[in-house]
Amino acid sequence: MHILGNQALRSRLQEALRTSPPAPAYLFLGPRGVGKALTATWMAARLLCSGPEPPCGLCPACRKVHSGNHPDVLRIDRVEGKASVGIDDVREGISAVQLRPYEGGYRFWIFSEAERLTGEAQSALLKTLEEPPGHLVLILVAGGEDALLPTVTSRCRILRFGPVDVQAVADSLLEHGVSPERAAVAARISSGSPGLALELVGTGEIWDLRESALDLASGLPGSQTWQALEVAASLEALKTGSSDPKADLTRVLDNLMSWFRDALCLSVGGDEGLLVNVDRLDTLRVLASSSSPRSLDRALQAILEAFDHLHRNVQPRFLLQRLCLELSRVGA
Ligand SMILES: [Zn+2]
């Protein structure tokens, strides 16, 4: 099992597991898509493996862990369409983890998005953490610890995952058969998250949304009012089929942000190595040379404001119209 990045952290974990039994509870913290959940799977395989060099990846235990069929690995993933993991999901697990392991020496209980546990669910979990059965290894995987009770986090051994080197992400995309140009852009957009980069190139819809959003954004500076309003309507119509109604608009705004940020970077003579949209350098150079840094900075402020409006549930149409009118004023 090859996991990209955070190698030193996994080596330390491997070394710790060689010399002492696992802690009853771990908290894996870090940005999305950098291998936290994969490392939880790796750890389960490491401790349940029956091969000579665990995790061997070949023995029946390893195979079952990787295919999600090991009876001693209980995984709580978020249910599609449900915003949180509630007390009922946790209660079921609490009785399950009290049982002796079926096959291995440990029972794993892995929460893939622990920040979505309700306060009530965390309180229920706390009781198990106060007196954990000796065979339990609980792993909470989370983007941050703000949504977790301090009484829960204080009982966990915390491992902090960092972003992966952008070039390493691009190289791994190349190995997946992604074109070099697309791999370079996806790795940069993902800010070193192999999971996000794969998501970006994996489904055509997300990449297509990016292409359309940037095509539309390129036409905005210097456009007439009616043209800006047309662009707003076109941006609103961009969809990937996501079940989260805000996800696509967030993607549109992310793309506009990276576009105008790149232009600002170029207009002040910044390092081209810092740019995200390296496949559209020519268009970016034209925008940067015809726009003042001040007007590009105003564009970024307008996009930040649009994000804020989105969080406060302002109508997408209103939010995009206002934003596009502001972006049409970008220029000298
Ligand atoms: Zn094995």
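Reply: Among contacts in the protein chain with a separation of 6 or more, 71% join residues 24 or more positions apart. The model is predicted. The protein chain has 15 helices and 5 strands. Its C-alpha atoms fill a box of roughly 70 × 40 × 30 Å along the principal axes. Of the 332 residues, 45% are buried. The accessible surface comes to about 16400 Å², and carbon and sulfur atoms hold 52% of that.

Now the helix. H8 spans residues 180-189. Which of its residues are buried? They are Ala-183, Val-185, Ala-186 and Ala-187. These buried residues pack against H7, helix H9 (194-202) and helix H10 (204-218). Just after H8, Ser-191 takes a positive phi of about 50°.

Val-278 lies in the loop between helix H12 (247-267) and helix H13 (281-290). Leaving aside residues up to four places away in sequence, Val-278 touches Ala-184, Val-185 and Arg-188. Val-278 and Val-185 are 93 residues apart along the chain, yet their C-alpha atoms are separated by 6.3 Å. Is Val-278 buried, partly exposed or exposed? Its relative accessible area is 25%, so Val-278 counts as partly exposed; the cut-off for buried is under 20%.

H10 leads on to a ring. Within the span of H10, residues 204-218, Arg-210 lies over the face of Trp-207, at 5.0 Å from the ring centre.

The structure holds 3 aromatic pairs. One of them joins Phe-28 and Phe-161: the rings are 5.3 Å apart centre to centre, with 50° between the planes, a tilted pair. What does this pair tie together? Phe-28 lies in strand E1 (residues 25-29), and Phe-161 in the loop between strand E5 (157-160) and helix H7 (166-175), so the pair links parts that are 133 residues apart in sequence. Phe-28 is buried at 0% relative accessibility. Phe-161 is buried too, at 5%. Ring pairs also bring in Tyr-26, so that Tyr-26, Phe-28 and Phe-161 make up a cluster.

Trp-109 and Phe-111 form a further tilted pair, at 5.1 Å centre to centre and 50° between the planes. Trp-109 has a relative accessible area of 0% and is buried. Phe-111 is buried at 1%.

Last, the metal. Which residues coordinate the zinc ion? Cys-49, Cys-56, Cys-59 and Cys-62 do, each through SG, at 2.3 to 2.4 Å. In sequence these donor residues follow the spacing C-x6-C-x2-C-x2-C. Why is the site called tetrahedral? The angles among the 4 donor atoms run from 104 to 119°, and four donors count as tetrahedral if all angles lie between 85 and 135 degrees. The ideal angle for four tetrahedral donors is 109.5 degrees.

Conventions. Residues numbered from 1 in each chain as written. Predicted model: local features only at pLDDT ≥ 70, side-chain atom pairs only at ≥ 80, totals over all residues. Heavy atoms only, no water. Donors = N, O, S within 2.8 Å, 3.2 Å for Na, K, Ca; no water. Tetrahedral: all angles 85-135°; square planar, octahedral: opposite > 155°, others 65-115°. Phe/Tyr/Trp six-rings, centres within 6.5 Å; stacked < 30°, edge-to-face > 60°. Helix = DSSP H or I, 4+ residues; strand = E, 2+ residues; numbered from the N terminus. Buried < 20%, exposed > 50% of the residue type's maximum accessible area, 1.4 Å probe, protein only. Lys NZ or Arg CZ within 6 Å of the ring centre and 35° of its normal. Contact = heavy atoms within 4.5 Å. Areas by Shrake-Rupley, 256 points an atom, 1.4 Å probe, with all protein chains shown as cover.
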